[in-house]
Each structure stands twice: as structure tokens, then as C-alpha cells.
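Here is a short report for a first look at this protein. It covers the domains, their interface and the nonpolar cores.

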Amino acid sequence: MKLGRSTYRFESNVAISDCFTVVGKKEGQGPLSIYFDMVIEDEYAGQKSWKLAEGKLLNIAITKLVQRSGENPDNIDLILSGDLLNQLSSSHFAARDLDIPFVGIYGACSTFALSVGLASIFVDSSFAKNVIAATSSHFCSAEKQFRYPLELGTQRPPTSQLTVTGAAAFLIRQEDSLQSPKVTHFTVGRILDFGIKDPNNMGAAMAPAAFDTIMRHFSDTKRCFEYYDMIITGDLGYVGRKLLEELFKKEGISFCSELFDCGILMFDPKTQNTGAGASGCAASACVFGGYLYKLLRERTFERILIVPTGALMSQSTVQLGESIPVIAHALAIEMV
């Protein structure tokens, strides 16, 4: 059922039945290290390029998820996956030997919410029974594509964020179990552009998109901050998180302690030298799949609104001096 302008409410028990997360060495040294399923010490993951390494991480996440779920691979109806690289290279590398129907999607760092939201629509409508939603990112491949090759040793400005090396995969299907978190609402974001052109300040670019989607979600669902145990954005980092707080204050909305950010939770900036925080498709996907998913199953939290954000830039648009379009999608995930 569609609510308001932007939100879809699912009528059946659309569950995140299981998930698997794999991260790189630096992520495995961070404050959430004990929550990830696998840590890869070799940034190349045994491959000969960064793109192939990212594809390998994603392939591991999907393969291990299928094994953990106990589901026959032939019963997986669809994979929905995307990443940050040109023509979704990593997702295509990951899926080329899986023999499962595949749809590639692009939402930049919001891809986690986009893939899970679209998978939930497939499952709720009974077009599919078992859908895998997946995404990945890699620090080295993202830096080479969007900024500078690592070999140049370019100094990073204080506003820059560190792209998470990792991948996560989620099995979406109808399930009545009270142990599985349910996707109850999916709020689709809209493209915004506030004229920011600095690819090293994505938090500032994306903060308005997070604000817009959260407010639209509240308007469509008639919910508010107090309904959720936690509202968590994708990868605004410290800069974007501060700007988001200011946007709420301008609207006369008291800032709530329930508002968090995956880009802040992923690293310890004091010991890991990670600048303004984490970014990348894997930031929200791995923080949710590794950390928040487990807290939901333990019922530490029962209602979460997660709002991954995406800076929809490319290396060519940046070089042309274009500003950065942004988007955010929201998922209401509840223990019901």
C-alpha cells in the first residue's frame, strides 16, 4: 500500500531472514569489529586489482549468505545488487558465476536501502519468494575512480570520509518468525542538489537529502522521532551529521538523541585517522548487517528507521565542475 507521496507499506511479513557481512582490515580493527561475520586481511582479497577485490568480497557475502540460510541456490529468485564503480563492475564480477537472475541497481551509498526496499516490493507482491539484496564498496577502488590513485599520496582534507571496504548481503522473504526483523515501510527519496561541488565534502552535500526523506517519511506514515528506538543515517559522517542537526533546528524540531550515523559508528577517528568518518555503500550495509541486525534480533531495539544517503556523482561530472545531486532512501525495520 502506498502512503502519501513517497512511502510504501508492506502488507505481508517481509523479513530480513538472514544476512552476511565481510569487511576489510581497517574496518575489522574498528569499534564494531566483533559484529562482522568475516574480516579480510588482504585488501586485494587474493585478486589482481581493486575492482576484482571488491567483486570477490561481494561474492563471498552472497555465497556465505546462501550457505548460512540453508536455502538451495536454485530457489533464489533474484539478486538485486549495486556498487560505486563504473557500470556496476564489482556487482557484475560477483554475480557472473552464481547462475542466479540478476538486476543491477545504482544508488551510490544509498544502495543498501534501495536494494532491500526493491527486494521487499518483489516479495510483498509475491513476484518472488527469495530475493538477495546486496552491495559493496572498497576504499582503494573508490579513491582511484573518484579522487586520486593511492600511489600519489594525496593529502586528504578534514571534511573527507574514508570509503568502507566491505560487502553485505541480505535474504529477503516472507517469514512469520518473531526472531526475524521485518521491513514494514520503504520511503523512496527524491533527487536534490544544493550546489555543493566538492567531492571531498559529501556529508555536507547529502545532509539535506537525509532531512528531506526523514520528514517525508514522518509525513507519509504519521510517525515521529519518538516512535523509533533509533533513527540512523547512512554515511553523513561528522560534518553531515552536524548539518542535519542544524536543519532540524531550523524547522523548530528538537534534536533527538535517537539520531545516529553509520559513518560515525564504523571507525574510531582518534585511533584510526579516519577524518570525518566512513562512507561508501558498505558503510550502512555492514553497520546494519553486522551490528544493528543482531541488536534487533536480541530485541535491544525493536523499531529502527535507517536512512542511507547517496552522492550521485561521477568522475566526469566532477571534472566538468558540476554540482553533486544527492538522494536518501529510508527503511523502517521492526520486530513485529
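## Model and domains

This is a predicted model: local features need pLDDT of at least 70, side-chain atom pairs count only at pLDDT 80 or more, and totals for chains, interfaces and linings use all residues. Residues are numbered from 1 along each chain as its sequence is written, and side-chain values use heavy atoms, without hydrogens and water.

The domain assignment, automatic or from a database, gives domain 1 (2-174) and domain 2 (182-334). Their centres, taken over C-alpha atoms, are 17 Å apart.

## The interface

In domain 1, 62 residues are in contact with 60 residues of domain 2 (heavy atoms within 4.5 Å). The two domains bury about 4900 Å² between them, 64% of it on carbon and sulfur atoms. Buried area is the accessible area (1.4 Å probe) that two parts lose on being put together, summed over both.

Zero salt bridges are found across this interface (side-chain nitrogen of Lys or Arg within 4 Å of a carboxyl oxygen of Asp or Glu).

## The nonpolar cores

A nonpolar core joins buried Ala, Val, Leu, Ile, Met, Phe, Trp, Tyr and Cys residues through side-chain atoms within 4.5 Å; buried means under 20% relative accessible area (1.4 Å probe, protein chains only). The largest core has 52 residues, and Phe170, Ile172, Phe288, Leu292, Ile306 and Leu331 touch the most other members. This core draws at least three residues from each of domain 1 and domain 2.

Apart from this core lies another, of 31 residues, including Leu84 and Phe248.

How values were computed: Buried < 20%, exposed > 50% of the residue type's maximum accessible area, 1.4 Å probe, protein only.
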